[in-house]
Amino acid sequence: MFVAHSIAADHKDLIHDVSFDFHGRRMATCSSDQSVKVWDKSENGDWHCTASWKTHSGSVWRVTWAHPEFGQVLASCSFDRTAAVWEEIVGESNDKLRGQSHWVKRTTLVDSRTSVTDVKFAPKHMGLMLATCSADGIVRIYEAPDVMNLSQWSLQHEISCKLSCSCISWNPSSSRAHSPMIAVGSDDGSPNAMAKVQIFEYNENTRKYAKAETLMTVTDPVHDIAFAPNLGRSFHILAVATKDVRIFTLKPVRKELTSSGGPTKFEIHIVAQFDNHNSQVWRVSWNITGTVLASSGDDGCVRLWKANYMDNWKCTGILKGNGSPVSGNSQQGNSNPSLGSNIPNLQNSLNGSSASRKHS
Amino acid sequence: MEEVDGEPIITLIPGVNSKKKQLCFDWGPGEMLVCETLFNKKEKSEVVPSCPSIYIIRKNEDFYCRILRKLFNESHGIFVGLQRIEEELTGKSRKAELVRVSKNYRSVIRACMEEMSQVAIAAKDPATSSLFNNQVAILSAMELVWNLCEILFIEVTPAGPLLLHLLDWVRLHVCEVDTWSAEVLGSENPSKHESFWNLVTALVLQGRLDEARQMLSKEADANPASAGMCRVLGDLMRTMPILSPGNTQTLTELELKWQHWHEECERHLQDGTFASSGHLESLCKIMLGDEKALLEQKQQLSNWYHFLVTRLLYSHPTVKPTELHFYAQSSLDRFLEGDSSSEPLDNILMAAFEFDIHQVIKECSIVLSNWWFVAHLTDLLDHCKLLQSHNLYFGSNMREFLLLEYASGLFAHHSLWQLGVDYFDHCPELGRVSLELHIERIPLNTEQKALKVLRICEQRKMTEQVRSICKILAMKAVRNNRLGSALSWSIRAKDAAFATLVSDRFLKDYCERGCFSDLDLIDNLGPAMMLSDRLTFLGKYREFHRLYGEQRFVDGASLLLSLMTSQIAPRSFWMTLLTDALPLLEQKQVIFSAEQTYELMRCLEDLTTGRPVHGEPDAQGLQDDDIETTKVEMLRLALARNLARAIIKEGSLEGS
């Protein structure tokens, strides 16, 4: 059972992305009104907008936080064909009193010739690195070699995916057993285009990213893609948002069996497929331990998927709205002290048919 | 085994209209962010959307309830104690210990219930009152289930004592009786009280025959006409054979005696001894285990398991554990007949009577939205080696699965997360890595909290987490210009690169302001100084200043020179160092030896000719600056003069 608090968003147009920072104490929102807003959670749990600024000259599609080891850094990408990196500057004491902070643009990445559809920071063990993908079908990987100087970013790799890209996901695994890996999804509508999900792996020898796998069974446009956090598994788990929710496992095939020096080959299995959204699935994202997957679809719901201890996946929760108005004060939740009961009749069954019961 | 399918739990977010909009979202460590949006970018919305709201979704485990927090804290203590029992004990003493642990858990639940009841009573508004009453009801259900599990699975009570335990179990949970008892006994004419017969019946149903007899004697006193009957019935009550603890008779002996007694009761009924009193006759029937008579008392029994236990008491007192589920099923069916369908709690209890532990746990998991109950109970049952014996290979995995769920939930809370650490510690497969993932995310609002988190990581040799957390704090400190803090975090992170960076900032500060900040820290670096060259330089440079301040000029001078000759000092700093040498050169006594003076001169020449040594590119442009030129001139002069004096001094005899 969940409880919802609401915060007035104050954007003048549609919000496209919301993002928590690493600790869940700050969040960022981006919108078609071309701005990004940053919100901070105060000690008593209230959220306040501490920054709001114009970031692009087109709709901002995604906003994402870098790992706090690199400081307070955001990246955004937009319809205006650019991605940008922002850093928070510790403000004057006046600003602090007013609860405001300043974000400055450190760099604009202008290499794309079309709308930039996703931007994601690489796992922190790779340094300060990010990837963007665009409708022009190219994934670009940038790196800032000097963490203290965020205005210097260099384009390290350009990966051509041949199809318009909609989403990327870095494999978060920091195990030495796995090379850096990035999955790319395409929402290209033409049925002939086969490679809707491609996986690229970094090769230490060639110092380049090479294609490792294509998920051939995904033939419909892909809207989102997400590697799960790895709890020490030898294989990877990838969730794909397409016309349904799909969860794949990728087991690296033993190196002896593949030609040496090439990218890892994987055994791909689909472990779950859900079409409960009845329509397109637009977003998928994993919780921090990779035990619950959340998906969002055309049906206006967010669904939560969980595997039980026997590794069977099923839907354990649905978040949705029926259009009823917000009642009372926002920011006030239920103060329901609860070990909870999912089934309200639990109480009745204690009471039996009619007699109520007191407790000694 | 069948998979029990719970329906997904639906949470409605007020203000969101799923028919018109979709939702974008993000996970946080303890919460989820959700916002209305439209994904299909190609569609242009006609109407400018109204300003949407952002929603923060949290699990409804509102730990702000102080009383529940106490429950979590106390059960944590019991849990940790239980993990340590493991190896030491075997056999009977082990079982006794496990039973003791089980009773501890239950008493903690009851204490929590008690406190909540008080709050519910004291609550001013009915909404709060009902909220707390709900919670009490849920806790009561938990205790009911746990108690039964204790009797059946942990104590493994054999036939004979089994019934006694079940009676206790029922008495604990159906307790109107005590209220009535107080009311009736407190009144002037107890036997005339309107609840009198209800009370007596209830006592008999619960097998509290001594008390029932006392009631009857009151009736006998007040109503001489029925005295005889009361006495007879009272005698029957007194003589009912029951296994008392410490009693040495065997079950067979008990059964025999009970059979005789049963027949005696039957005889009285047939003879019509109680014919003139409906109440007494019905009591006799109850004591004969007459189902119809029992079912007439549905109101009093109030639930089927009371019915079950009473039935067993008066018809099969030596029931075996394995026979329980037959009686349970039929009791449930007969009690509910037509009235209502079975409820989740009924299913849980039935699974327990069937000794299907996995089913019990599964049903509880579905019904309860918090993992507290199933996690602790399953862990205890696992210690009783019950999960393995029920033959499913994932027995131990289920325990770990539930503990991980529970502990993860605790991490969403700003202080209860510390309890979670211990739970993760006792999950051998995934506990450590889960802890690593969770502990990194704890917001470090205060230094105290940061130190606590670090201590936990260091104890468990989670070096990567220590490094990462210290780095985050160091970065934050640098951005807020708190250099001392940044330095100490870098040292703790063993991050040489960052330590170098911070040291550079310190030095830059010194150049700009002429003094050091955070002297305490720099003075007491100790072996940490070795972390990076720049840090070593910083420490040594500060040491030079100290020596100078203590007027130990010769030592200071050597140190100063060595900083340059050993290449520890960055070239960009050499000018400052040489300038620092000036006062030493100008002293009355000769401080720098001739040798040292030659070295200094060489350093100065190195610097001014702009010859880059070891690839340091930053010493150019010195000659362009007028001030710099003057400084260089002064240095050259001072060095020359010192050289002269040093040569003379060294060339002279001692004592001159």
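Leaving aside its neighbours within four places in sequence, which residues is Gly185(A) in contact with? Taking contact as heavy atoms within 4.5 Å, the residues that Gly185(A) meets are Ser164(A), Cys165(A), Ser166(A), Cys167(A), Lys196(A), Val222(A) and Ile225(A).

## Basis of the model

This is a predicted model, in which local features need pLDDT of at least 70 and side-chain atom pairs count only at pLDDT 80 or more, while totals for chains, interfaces and linings use all residues. Residues are numbered from 1 along each chain as its sequence is written, chains are lettered from A and ligands numbered from 1 in the order in which they are written, and side-chain values use heavy atoms, with hydrogens and water left out.

## Chain A

Chain A contains two helices and 25 strands, where helices (H or I, at least four residues) and strands (E, at least two) are DSSP runs numbered from the N terminus. Of the 360 residues in chain A, 57% are buried; buried means under 20% relative accessible area, exposed over 50%, and partly exposed in between, with a 1.4 Å probe and protein chains only. The accessible surface of chain A is about 14600 Å², and carbon and sulfur atoms hold 48% of that area, as given by the Shrake-Rupley method with a 1.4 Å probe, where for residues only the protein chains shown count as cover. Among the contacts in chain A with a separation of 6 or more, 45% are between residues 24 or more positions apart.

Gly185(A) belongs to strand β15, which spans residues 181-186 of chain A, and it counts as buried because its relative accessibility is 1%. Between Gly185(A) and Ala226(A), which are 41 residues apart along the chain, the C-alpha atoms are separated by 9.7 Å.

Leu109(A) is placed in strand β9 (residues 102-109) of chain A, and its relative accessibility of 6% means that Leu109(A) counts as buried. Beyond its neighbours within four places in sequence, Leu109(A) is in contact with Arg81(A), Thr82(A), Ala83(A), Leu130(A), Tyr142(A) and Trp153(A).

## Chain B

The secondary structure of chain B consists of 31 helices and four strands. Chain B is more spread out than a compact globule, because its radius of gyration is 42 Å, well over the 26 Å that the globule rule gives for 656 residues; the radius is taken over C-alpha atoms, and the rule is 2.2 Å times the number of residues to the power 0.38. Taken along the principal axes, the box filled by the C-alpha atoms of chain B is roughly 140 × 80 × 55 Å.

Buried residues account for 53% of the 656 residues of chain B, and the chain exposes about 29800 Å², with 52% of this area supplied by carbon and sulfur atoms. When contacts in chain B between residues at least 6 apart in sequence are considered, 64% of them join residues at least 24 apart.

## Helix and loop residues in chain B

Val433(B) is located in helix α21 (residues 431-440) of chain B, and with a relative accessible area of 19% it is buried. Val433(B) and Met462(B), 29 residues apart in sequence, have C-alpha atoms 9.6 Å apart in space. Ser408(B), by comparison, is a residue of helix α19 (residues 395-410) of chain B and counts as partly exposed at 24% relative accessibility. Not counting residues up to four places away in sequence, Ser408(B) touches Phe424(B) and His438(B), whereas the C-alpha atoms of Ser408(B) and Arg455(B), 47 residues apart in sequence, are 20 Å apart in space.

Lys385(B) sits in the loop between α17 (372-383) and α18 (386-389) of chain B, where its phi is positive, at about 60°, although Lys385(B) is not a glycine. Lys385(B) counts as partly exposed, at 44% relative accessibility. Asn481(B), in the loop between α23 (463-479) and α24 (483-493) of chain B, is a residue other than glycine with a positive phi near 60°.

## Cavities

The structure holds five cavities of 30 Å³ or more. Here a cavity is a set of points, on a 1 Å grid over the protein atoms alone, where a 1.4 Å probe fits but cannot get out, and lining residues have an atom within 4 Å of a point; grid points are joined across faces, edges and corners, and a volume is the space filled by probe spheres set on the points.

The largest cavity contains about 70 Å³ of space, and its lining is formed by Gly160(B), Leu163(B), Leu164(B), Met240(B), Pro241(B), Ile242(B), Leu243(B), Leu254(B) and Pro317(B). This lining comprises eight nonpolar residues, one polar residue and no charged residues, with Ala, Val, Leu, Ile, Met, Phe, Trp, Tyr, Cys and Pro counted as nonpolar, Asp, Glu, Lys and Arg as charged, and the others, Gly among them, as polar.

Technical notes
On a 1 Å grid over the protein atoms alone, a cavity is a set of points where a 1.4 Å probe fits but cannot get out, and a pocket is an open set with protein on both sides within 12 Å along at least five of seven lines; lining residues have an atom within 4 Å of a point.
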